[in-house]
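Please look over the sequence and the structure shown below before reading on.

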Amino acid sequence: MLFYLFSLGCKVNSYENDALRKSLLERGDEEANGPEEASLIVINTCSVTGKADQKSRQHIRKMRRLAPKAVIAVMGCYSELHADEALSMGADIVVGTSDRSKILGFVDSFRKDGKKIKDVEKNNRHEKYEEMGQMALSENARAYLKIQDGCDNFCSYCLIPFLRGNSRSRDKDETIAEAKRLSEAGYKELIISGIHIGMYGKDLGDGSYRLADLLKDILLACPKLKRLRISSLEESEIDDKFLDLLRDFPQIVDHLHLPLQSGSPTVLQRMKRHYDTPSFLLTLSKVRAIRPDIAITTDVIVGFPLESDKEWQETMDFCKKAKFSEIHVFPYSPREGTYSYTLKDTSPEVKEKRVHELLDLSNELRQAYEERFYGKKMEVLFEDFDERNSLCYGHTANYLLVKVASKRKLHGEILDVIYDKESAAD
Ligand code: SF4
C-alpha cells in the first residue's frame with residue numbers, strides 16, 4: 001500500500017509521524033511521492049490556535065479532494081476536539097491524542113468493511129505514556145526523541161491539558177535505549193521533544209528522577225552523540241541540576257527556547273503562568289554566566305485579553321532587556337473552554353499593531369545576535385541539499401542557518417564554516 005503522511009503543528013506531531021512511518025515501512029508499505037498516488041493518507045492535526053484548527057480543516061478537505069479513493073485517517077489535537085467535523089469533511093478514521101498506535105489496525109478494519117471509525121471518546125487524563133515505536137526516522141542528520149506527553153499546568157489560554165491529558169513520562173530505560181539506537185544509527189543530533197518536557201519524571205517512581213538526570217544518562221550512554229537539543233523548557237524548570245549539565249556537557253547545544261508569553265507581571269498572572277519577570281531575568285543571567293554565547297529564543301502571545309498599553313509596553317521593555325535572539329510572535333486566539341475565553345479580547349487592530357511592533361523588535365534582535373558571530377569559525381551540521389543550485393544547508397549548535405556551495409551532498413557531516421553575510425542563510 002502506498003501511504004502519505006502529513007503533520008501540522010508541533011515537533012511532537014512530527015515525531016509521531018516518524019514513528020508511524022517506521023511501522024508502515026516495516027510491514028512492507030511504501031511512501032508515496034504525493035497524496036494523489038496514495039491509498040492511505042494520515043494527517044496529524046493541531047489545535048493550538050483558531051488558525052491551527054482552520055488549517056487542519058483545510059488539509060482534510062484538500063486531501064479528500066486530491067485523493068477521492070484513499071483511506072484518510074486523522075489524528076491529533078484538532079481531531080480530539082472536533083472528531084465529528086473531521087468525519088463530515090471526508091476522514092474515514094478519526095483517532096485523538098491517545099490510541100494512535102491502533103491506527104494501523106483501524107485502517108485494516110476500514111478496508112475490510114468500509115465502516116467509518118471514531119476512537120476519541122475517552123478520558124485520557126490518567127493514562128500512561130503511549131509508546132509509539134522505537135525510532136524516529138527523519139530523513140535527516142537530526143532525529144526527534146519524544147520523552148513525554150501531556151501537561152498539568154492549565155495556563156488560562158491553553159487547551160492542551162484538556163486535549164493531550166495529564167503529563168506522562170516515557171519510561172527512562174526505553175528512552176535511553178532509543179537514544180542509543182539513534183546515535184548508533186548515525187544521527188548526530190537528538191532533539192528532546194514533548195508537550196511539556198520540564199515535567200519529565202514527576203509521575204515516575206518517587207518523582208526524584210527528572211529531566212536533567214535523564215539528559216545526563218542519555219549523554220553518558222551515547223558517546224558518539226554530538227548534539228543534544230532541548231525543544232522547549234519553562235524558565236521555572238531550570239534548576240541547579242540543569243545548570244550543572246550546561247556547564248559539564250558541551251553536547252547540550254548553545255540554544256534554549258524559553259517561552260515568556262508576556263513580559264508584564266499582571267498579564268502573566270492572568271495567564272496563570274508559574275513565574276514572574278524578575279525570576280525570568282535571574283534565570284537568563286545564570287544561564288548566560290555559564291554559556292555567554294547561548295541563543296535564547298522565546299514565544300510571546302500578543303493582545304492577551306485586557307492587555308493595556310502599559311502592560312504591552314512592559315512586554316516590549318522586557319524583551320529588549322532579555323535580549324532574546326528571536327521572538328516567535330503569536331496573536332492571542334481565544335479558545336472556547338479556557339478561562340481566558342471568558343475575558344474581553346483586545347481588538348484586532350490593536351493586536352495587529354502590536355504584532356508588527358514585536359516582529360520588528362525580533363528582527364532587530366536576531367540581526368544583532370547573528371552579527372556577533374560574523375567572521376567566526378563555527379561547526380555546522382549539514383541536513384539539506386539543494387541539488388539544482390548546488391547548495392548545502394545546515395545549522396550551527398546555536399541554531400544559525402548556514403549555506404555553503406557544494407556539488408556533493410554533505411548530509412550528516414559536521415564541518416567548520418566561517419559564518420558571515422555570505423554563509424548566513426536566514
Ligand atoms: S505549559 Fe501552559 S501553554 Fe504550555 S502546554 Fe501546558 S498549559 Fe499549555
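Cys-319 is buried, with a relative accessible area of 0%, where buried means under 20% relative accessible area and exposed over 50%, with partly exposed in between (1.4 Å probe, protein chains only). The model is a predicted one, in which local features need pLDDT of at least 70 and side-chain atom pairs count only at pLDDT 80 or more, while totals for chains, interfaces and linings use all residues. Residues are numbered from 1 along each chain as its sequence is written, and side-chain values use heavy atoms, with hydrogens and water left out.

**Cysteines**
- The structure holds 0 disulfides, a disulfide being a pair of cysteine sulfur atoms within 2.5 Å.
- For Cys-319, the closest cysteine sulfur is that of Cys-155, and at 17 Å it is too far for a bond.
- Cys-155 also counts as buried, at 9% relative accessibility.

**Ligand shell**
- The residues around the ligand, meaning those with a heavy atom within 4 Å of it, include Cys-155 together with Cys-151, Cys-158, His-196 and Arg-273.
- By class, this shell has 7 nonpolar, 2 polar and 1 charged residues, where Ala, Val, Leu, Ile, Met, Phe, Trp, Tyr, Cys and Pro count as nonpolar, Asp, Glu, Lys and Arg as charged, and the others, Gly among them, as polar.

**Helix α5**
- In helix α5 (residues 103–113), the buried residues are Ile-103, Leu-104, Phe-106, Val-107 and Phe-110; helices (H or I, at least four residues) and strands (E, at least two) are DSSP runs, numbered from the N terminus.
- Seen down the axis of α5, these buried residues fall within an arc of 155°, so they line one face of the helix, the arc being that of the directions from the helix axis to the C-beta atoms.
- They pack against α1 (11–26), β3 (40–45), β4 (71–76), β5 (93–95) and β6 (117–119), with contact meaning heavy atoms within 4.5 Å.
- After α5 comes Gly-114, whose phi is positive, near 65°.

**Helix α9**
- Helix α9 (residues 240–248) has Phe-242, Leu-243, Leu-245 and Leu-246 as its buried residues.
- Around the axis they cover an arc of only 155°, which puts them on the same side of α9.
- The face turned away from that buried side of α9 carries the exposed residues Asp-240 and Asp-248.
- Packing partners of the buried residues of α9 are α8 (211–221), β11 (227–230), β12 (255–257) and α11 (277–290).

**Thr-175**
- Thr-175 lies in helix α7 (residues 172–184) and counts as buried at 0% relative accessibility.
- Not counting residues up to four places away in sequence, Thr-175 touches Leu-145, Ile-147, Arg-170, Tyr-200, Leu-214 and Ile-218.
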